[in-house]
Every structure is written in structure tokens, then in C-alpha cells.
Amino acid sequence: MNLRNKTIAGIAAIEIFLLVILVVSAMSFLSDSNEKQLLQRAHATTTMFSHAIKDAVLTTNLATLDDLVNDIMVLEDVLYVRVKSYGDTLSVGGNIELLEKVEQIDSDLRSVKDGVFDTKINIESNGTIYGSVEIGFATTAISDMLDDAQQAIISIASLEVVLVALFSFVLGTYLTKNLVKLRKAAHTVSKKGPGYQINLKQNDELGEVANAFDTMSRNLEESYKDLKMARNQAEKANESKSLFLASMSHEIRTPMNGVVGLLNSLKQTDLNDEQKKLVNVATDSGLFLLSLINNILDFSRMESNNVTIDRKVFNLLDSTQSVINNIAPIAKDRGLNLNLKSNHLPEHLIGDENRYKQVLLNIIGNALKFTEIGSIEIELFSTKLSDNKVKVSCKVTDTGIGIPAESLNYLFDEFTMADQSFSRHYEGSGLGLAICKKLLDLMDGEITVESTEGVGSCFTFHLPFEYASSSDYLESNSRPDNLHPTCSGCRILVAEDNKANQLVIQNLFKHIGLKIDIANNGIEAVQMAYDNTYDIIFMDISMPDMDGLEASDIIRHSDNNTKSCLPIIACTAHALPGDKDKFINAGMTDYLSKPVNLSSLINTLNKHVAQTDEMVMPSLSPNERLSNDPESMSSKATSPNAELTINESTLMQMVKDTSAEVMPMLIEHYIDEAQKNISIMLEARNNDDFETLKFEAHTLTSSSLALGNTALAKLAREIENLCIENKYQEVKRITENLNSVAQGSLNALHRRKEQGF
């Protein structure tokens, strides 16, 4: 109920209550007043009549007595008269039925039941009672008058209630009209934000409230704008921080991997004791720095929501044991016992095995870091949640230095450690436990800690997993993508002029354990084929000095008969209709379309080196084939407003085929090479050197496809095709978009690199 209705109901209720009291009081007053008048008149009339007939009663003059009775019956409200003497009735008059009723004397109107007020008075002289007079007075007139009065009063009261309700409605509407404005203004502010103004021109308390609301709304609007600006700045600063952390982690980790690798190589040389000691210290420091960088990179990925949780079947006990096996040598060197106790564990589960191992490794590593003597106990147990879900709990207990009680509240915060002093004995980034907490949150898990300073600590984490069967595990871990054994150790020549593509293909072969020789152009490829014996050659088509077709023809027609049957695979971004037939007719054995992925590479090696037609690699999905198919890409129009996004599936396939660590290096090399290609293309366009423009466009298409830069690949492909068709005016027109598309797409790829893989 709103305020207006409450006001109307309240006033009406008060008015009705007062009117009821007034009506009851008035009716009571009228009733008492009329009763008093009736009693006085009845008493006076009866007294006077008794005096008038006293002589007639004493003398027993019945004729006179009858006359007097008839005279009093003339009165309007007298219904009957009876005169009695010593029990005998001397004279009567009036209603016979009333005279025959049992004698009943009324003291007041409330005792009247038959509409007649019965009164009686004795006839006495000198103290002697000679008889009595009974007279009945009608009360109908009084009752009718009281009923009429009651109806009139109630009608007037009802009319007054209606008028009061109407007045209350008008008054309530007037009083609440501005309150309704205030309410609507409050709703508007709550939905659309502050700034709404009522502008109520009223010089009373309500006007003051409205003015205060307007002032508050204006102030809130200003504060809201400031807060929004501050929030945007904070979000940009946080994003910049995350990008900086990711970028610097990659930039530092790349040379650090090289430093650690060189130190490990240095260990294998003849060193004296002092040199070995220095190398060991440098190696430990490098590995420690890498662990800090990895933690920062993981944390920056989590902050930018760039961490995904995998779901695959794994063996829980094997995964746990592998973590312990990796860290056991460190514990042994420190004289610590590392024990695993497992109870009622399911054999196979579905979840993110690597993230589970990362959490476990961080917690055990943390325990090792702060434990100098004693042991570290790992207890693993499970609790069934439902028919297909289980909660795995892992408890890591150490006998280390413990954690102060006041430090437990912020133990899992980022960049914090229990010992915050400048002279702290234990080094670290303060991110290990924070990363564990975030990973567990991502996997719907939790972690708790109990610790006593000087005694030790106990970290317990819980993770939900799904049950898996042994058949699920076997099916999940079967690997049909193995390279045929006869391909291991084969000699491979790759002819590729683009440096970025050289790095990509080197890492692809490295991933399957094969080394390759690289020729930078057709002339080098021919010379290397003469000087060495190769099992297979992957030949790019468009290369400077001598293209792939000419180089293949020379190799095929050499004096060495073995070269005539040597598998030469066309490895190019050319994908026009008839290209494959043209390459085969030119003497090439088979054809691979760029970007080359690991699946097609292994299939080609198995087919042409191992001499088997078995396709052991799974084929790409239709979506992946479409995203990697240059012909389908070139069919789409390219404009300055083309979406400058990176094909994530291509990048993820590249990560899968190589490794996440080499991706930043591959991208940086590609960006450098692409910028050189673009510079040459723009210069060739200005000089009307369309042959050079076509060659560089082909090279740019190939390298861009390999790293998912679809926007630049489409434009470069279109430029190449127009050059082939001699449509030079059209070439000049669309080349105007080259620089903007290139810079936008390369910047997008650079930003993607900074997010990490």
C-alpha cells in the first residue's frame, strides 16, 4: 500500500472511530433524555390522577370515578387505567388486552418489553392506603423518535465519512505527488546511474529533501565519472602489468635457457675443481632464475585469464610418483626423507594431470625449501562424492621452520612471503603458493594450511575428479602419431629461403627427433644434393636465384642414378588449381601445402621414406583444414577493414607440433622477416617491378600462413595472383592497403605472443 492510500485509510479510520463514538453518545443521550421525560410525565400524571379520584374512591362514587377515568383516557399516550380498592377493581378504561395481562410495573424504559410503560401509585389519606391506580403509557412514539434519530445520525456520519475520504484522497494526492517524483527519481538513479535531477520548486520540507536529492545526484555523478576513469586506468595499468610480465618473462627466459644450456655443455668439458664449482653455482642460479621467471609467467597468464584446464585420463599414483621421483634427488642431497603414503586411491581419473603435478611439485618444493632436517611426508587419499566423481586429497607434512600465526592470513597472496624482512634467509618470488591457490580455484579445489613455528607445516589440498576406466586410459594414451622406426636417422634436405619458415620447419623436425640440412635457395639445394646423400628433399617452389622446379629438374637429371628416384616433396604455399599436377609433372614426388603441420610431415616421411602407405597421423578436422587452406583463404576479399586477428587454431597446432618455449622466438623472427618482405614489396610497387613483388608476396604468404596471420596472408596471396594474371593496375590499388594491414596484423601477433602459450 502506498503512502497516499495509507493517508486516506488512516484519516478515514480515525473519522469512523470518532463518529461511532459520537453516534453512540448521541443515541445514549437521546434515550436517557426521553426516558427521563417519560418517567417524569408518567409519575406526574399518575400522582395528579390519584389525587383527583381520592374522594371518589373514599366515597365509593363510581359514577364520578368512571367520568374521571374517561377524562384521563383522552390523553394521547395513555393506553389503559385501572382503579382498585382493597383488591377490588372500581373502574377501568382503555385496552382490554392490556387490562387482562398479569400486573407488571416498570421502573424504566429498559424493563419495557411490550411497548407499554406500566406505572402504579397508591391512594392514601392520613397515612392509610385505600387503593391504587395503575396507568399504562405508550412508548412507541419515543422508540420511533429514537429510530429516526439514529438513522439520521448514521446517515450524516456516513456522508461525513465519504466527504472525509474524498478530502483525504485529494489531500493525500497533493502531499504525495512530489514524494512519487522522489521515488521515480531514486529508481532512475538506481537503473541508469546518478545525475538525474527532480528540480522541485517548493519552499517546504519536501522541497528541501528534493534539493538535497538533486545535490547528492550531481555529486554522485561526478564521483562516478571519477571512479569509472580511475577503474579504467587501473584496468589498463593491470593489463599493462600483465603484458609486461608476460613479455619480460619470455624475453628473459629465452636467453636464460641458452645460458643454462651452455653451462650444461661446459660441465661436460675438462674443468678443474674450482671451475666446476663456479659452473655448478652458475647453473643453480640460472635454474633458480628460470623458476622465478616461470612463476611470473604462470601468474601473468592467470591474471589475464589465459589459463585453460584440460580434461584427460591419467593414472593418479603414477603422476604423483613421477613428481616425487623428480624431486627425490634434491631431498636425498639434503639428507631428508621423502615418503609417500596412499590409501584407497582410484587408479584412473579424468582431469588436468599437468596442473595437478604443478600444484604438488610447488607444495613439495616449498616444503623442501624450508626444511633442513627431518622428513617430508606425502599422504594421498580419496573420498567418493558420487557415482562418477571423487575428491582426491593430498597432505604434505614437513618438519621445517614452520610459519608464524600472523603470516597465515596472507600466505596465499601474490608476491608475499612469511619472512618479509630485507635480511630474509630464503629467496623466492612469493608466487608459488599463490599460483597453487589460483590453479586449485580454477579446478574447483581448495587448499588449507596448519603450521606451528619451529615444528613444521602441513599443507592439504583437495581436488574433484571424475572416475575413468582402464579401457578409457588405454584408449587415451594410445599414440597413432608415431614416426615409423625406419625413418629415424634419415638424412633430410629442406630448401627454404625464408628465415622464419626455416625456424618453424627446424622445430617441427626437432620435435620428432630428426635433424635437417637447410638450403637457402635452389642453387644451394642442387649443390648440397650433389655433395650429400639424402633420403628425402622438401623443396620450396619460389626461391631467389633458382626456383624449386628448376632445382628439382637438375637434381633429377644428374648423372647419379640414385637421384632420379629420390623423393622430392614440393613444400609451398601455392594452392591454385592445377599446381599440384604441375609440380608432379615437373618431376616432384609429392606435394605439401604450407603451412606444414606435424601430422602431414610425419605422414609424408612414413609414406616416402619408410615405404608405407599407412596414414598413422589423425587427419585435421574440417574447421582446421578450412583455416589452414590457402585456397579457401584467398577466396575471401581483403580490405583495409579486414579483421586483423590471429588464427588461434594455427598457433595452437604450432605449439603442439613444436613447443611453447620456441613460439616467441618463431614469432619474432617472422615479424622481422615480414617487415623486410613488406619493405621490398612497397619499393617494387613504386618501381613497377612486378616480378619482385610477386616473389615477395609468395614468400610473405607462406610465412604468414605458418603463424596464423590470416589477414596478411590473404592480402599477399591476392597480390601474388594478380601479378600472375598481369593485372598490374589492380595490384597497385590493393597494395595501398598493404602497410596498414601488415602493421595491424603484426601488432596483433605481437600482442598474442606477449600473452604466452
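A: At a relative accessibility of 26%, glutamate 668 counts as partly exposed, a class between buried (under 20% relative accessible area) and exposed (over 50%), with a 1.4 Å probe and protein chains only. The model is predicted, so local features need pLDDT of at least 70 and side-chain atom pairs count only at pLDDT 80 or more, while totals for chains, interfaces and linings use all residues. Numbering starts from 1 along each chain as its sequence is written, and side-chain values rest on heavy atoms, with hydrogens and water left out.

Glutamate 668 belongs to helix α20; helices (H or I, at least four residues) and strands (E, at least two) are DSSP runs numbered from the N terminus. Its C-alpha atom lies 9.9 Å from that of leucine 746, although 78 residues separate glutamate 668 and leucine 746 in sequence.

Helix α20, residues 663–686, packs against helix α24, residues 738–755, at an angle of about 175 degrees and with the axes 10 Å apart. The axes are lines fitted to C-alpha atoms over the stretch in contact, and the angle, on a scale from 0 to 180 degrees, is taken between N-to-C directions. α20 and α24 are therefore roughly antiparallel, the class for angles over 145 degrees. On the α20 side, the contact (heavy atoms within 4.5 Å) involves Pro664, Ile667, Glu668, Tyr670, Ile671, Ala674, Gln675, Ile678, Met681 and Leu682. On the α24 side, the contributors are Leu738, Asn739, Ala742, Gln743, Leu746, Leu749, His750 and Lys753. Of the residues in this contact of α20 with α24, 12 are nonpolar, 4 polar and 2 charged; Ala, Val, Leu, Ile, Met, Phe, Trp, Tyr, Cys and Pro count as nonpolar, Asp, Glu, Lys and Arg as charged, and the others as polar.

The chain as a whole gives the setting. The protein chain holds 24 helices and 16 strands, and 44% of its 757 residues count as buried. Among its contacts with a separation of 6 or more, 67% join residues 24 or more positions apart.

Helix α16, residues 598–608, is mostly covered, with 10 of its 11 residues buried. Among those buried residues of α16 are Leu598, Leu601, Ile602, Leu605 and His608.

Another glutamate, residue 134, lies in strand β4, residues 128–138. With a relative accessibility of 2%, glutamate 134 counts as buried. Beyond its neighbours within four places in sequence, glutamate 134 is in contact with Tyr80, Val81, Arg82, Lys84, Glu103, Thr119 and Lys120.

Serine 125 is in strand β3, residues 116–125, and is buried, its relative accessible area being 16%. Leaving out residues up to four places away in sequence, serine 125 touches Lys54, Leu58 and Tyr130.

Notes. Angles under 35 degrees count as roughly parallel, over 145 as roughly antiparallel, 65 to 115 as roughly perpendicular and the rest as oblique.
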